[in-house]
Amino acid sequence: MQTPNLLKARQRTNEQTLTKTNEYIVKENLKKLGLKKKYYIKTYGCQMNEHDTENIKAILEEMSFEETPTMDNADLILLNTCAIRENAHNKVFGMLGRIKHLKEQNPNLIAGICGCMAQEETVINEILEKYNWLDIVFGTHNIHNLPNILYTSINKKDLEVEVLSIEGNIIENIPVKRDSKYKAWVNIMYGCDKFCTYCIVPYTRGKQRSRKKEYIIDEVKQLIKQGYKEVTLLGQNVNAYGKDLPEQYTMSNLLEDVAKTGIKRIRFVTSHPWDFNDEMIKIIKKYDNIMPYIHLPLQSGSNKILKLMGRRYTKESYIELYKKLKEAMPYSSITTDIIVGFPNETDQDFQETLNVVNECKFDSAFTFIFSPRIGTPAAKIADNVTLEEKNQRLQQLNELINKYSKEANNNYLNKTVPVLIEGTSEKNTKMLMGYTDTMKLVNIEGPKKYIGEIVNVKITDVKTWSMDGKVIE
Ligand code: 5AD
Ligand code: SF4
């Protein structure tokens, strides 16, 4: 059993991360372990987790497991968890109640959790105490070892915990089963060294490790060959890409090299305003296949709170960057993340956040109530904002954000914009759906032959969170 340790997870060394191309192996005797067995995996949280799930699915299928869309007939259930806020935790523990019930009916069922929650010391202690009927627990650093973890658990018929606190090498040969045939996540880096005071990610995902450019470029070239139209370059803090590499190679260099591959659409998430430099803006502007869409978390509009959050920029420098981006790309969308109710946030601080929103008029925003995460510095500050105040601030903020989302969408009415058609709309399968270059969701009238294509769509109606349109043939 290997359990996580918060102090170790916080450590950072200057040791160079190694790249391994043969560390993931499924031994011959494990290739049939899942024969005639079905797996169900549920993913919580961010795109990084979704992409990890794509890896886990491929690994399980290399062991002959088959995917099932429902939990009820599964032989293996995995929850790929998120630790970012308390409610993500609660959802997982709620789900474990349901799984326990299924396990009582079917003792051969294998049940496990993985992902960020598995990296948390307190969660593991709780699992060992109250949920020790689970079969496997593994973390974010050892997905490649899943075949062996599963095998060990099945053989010893006991809970197998393998969570490493310290990240290892970058492993390049993990297979992937992508959810989409047209757009793909491409990891460019793992971990984060920013240590914003509220955030658990630097502990659950480890130190920043950038993937070498040749592997990234190769992956994009392969995707083009397979017919992919869009890649999203993934990292917790993509603008810091390359800072840990021995050679001088930055996010701007990478963006330029990915743009030169000729892939039709490039996106990247998530940006930290601190590392967003002029060179990046120049490259985004220069290449038409880098999409005019930037997710730029603000977190707070109060300099006092930003300082407490350890964000290392001010509201003035955020606004300056925002304006530079808009000047360079007048047709673009900029979205953000905002936390309300951080400890010591006064009405005045909150008002300053609203002021920045009024100035930037974001296309949309993810808004959150601060959730103390055990082990982070912010969790040690007295939480002196009442729940009522937090809820009231969230509601007020959401109303303002929605107003600007609708206003931003209004500008699209009767305009023709490029949309990558991803498939049929969930609500109405006679309609198509896709995203504009600026990442606006559009429900579209048009023939299915356009699925997988980037087509011109005329916007016929706009709402707060989506638009309607018609394919222009
Ligand atoms: N409480 C509330 N929101 C948080 N986020 C990260 N950590 C916390 C926390 N402890 C939000 C930030 C981040 C987004 C992914 O989640 O806004 O940008
Ligand atoms: Fe968390 Fe800050 Fe790193 Fe983003 S940049 S993952 S908010 S520590």
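Contact here means heavy atoms within 4.5 Å. The legends below refer to a predicted model.

**Figure 1. Domain layout of the predicted chain.** The domain assignment divides the chain into domain 1 (6–162), domain 2 (180–285), domain 3 (292–411) and domain 4 (416–471). Between the centres of domain 2 and domain 4, taken over C-alpha atoms, the separation is 27 Å.

**Figure 2. Contact surface between domain 2 and domain 4.** On one side, seven residues of domain 2 take part, and they are in contact with 13 residues of domain 4. About 810 Å² is buried between domain 2 and domain 4, and carbon and sulfur atoms give 56% of this area. Within domain 2, the residues that lose the most area to domain 4 are Y182, R265 and R267, which together account for 65% of what that side buries. The size of an interface is often expressed in this way, as the accessible area lost when the parts come together.

**Figure 3. Polar and charged interactions between domain 2 and domain 4.** One salt bridge is counted between the two domains. A close-up of K183 and E422 shows a salt bridge in which the closest N and O atoms are 3.0 Å apart. Six residue pairs are in polar contact between domain 2 and domain 4, both residues of each pair being at pLDDT 80 or more. The side of domain 2 that touches domain 4 consists of six charged residues and one nonpolar residue, with no polar residue.

**Figure 4. The largest cavity and the residues that line it.** One cavity of 30 Å³ or more is present in the structure. The space in the largest cavity amounts to about 30 Å³. Its lining is formed by L6, A9, Q119, E120, I200, Y203 and T204.

Technical notes. Residues are numbered from 1 along each chain as its sequence is written. Chains are lettered from A and ligands numbered from 1 in the order in which they are written. This is a predicted model: local features need pLDDT of at least 70, side-chain atom pairs count only at pLDDT 80 or more; totals for chains, interfaces and linings use all residues. Side-chain values use heavy atoms; hydrogens and water are left out. Domain bounds come from an automatic or database domain assignment. Buried area is the accessible area (1.4 Å probe) that two parts lose on being put together, summed over both. A salt bridge is a side-chain nitrogen of Lys or Arg within 4 Å of a carboxyl oxygen of Asp or Glu. A polar contact is a pair of N or O atoms within 3.5 Å; within protein, one must be able to donate a hydrogen and the other to accept it, and residues adjacent in sequence count only if both atoms are side-chain atoms. Ala, Val, Leu, Ile, Met, Phe, Trp, Tyr, Cys and Pro count as nonpolar, Asp, Glu, Lys and Arg as charged, and the others, Gly among them, as polar. On a 1 Å grid over the protein atoms alone, a cavity is a set of points where a 1.4 Å probe fits but cannot get out, and a pocket is an open set with protein on both sides within 12 Å along at least five of seven lines; lining residues have an atom within 4 Å of a point. Grid points are joined across faces, edges and corners, and a volume is the space filled by probe spheres set on the points.
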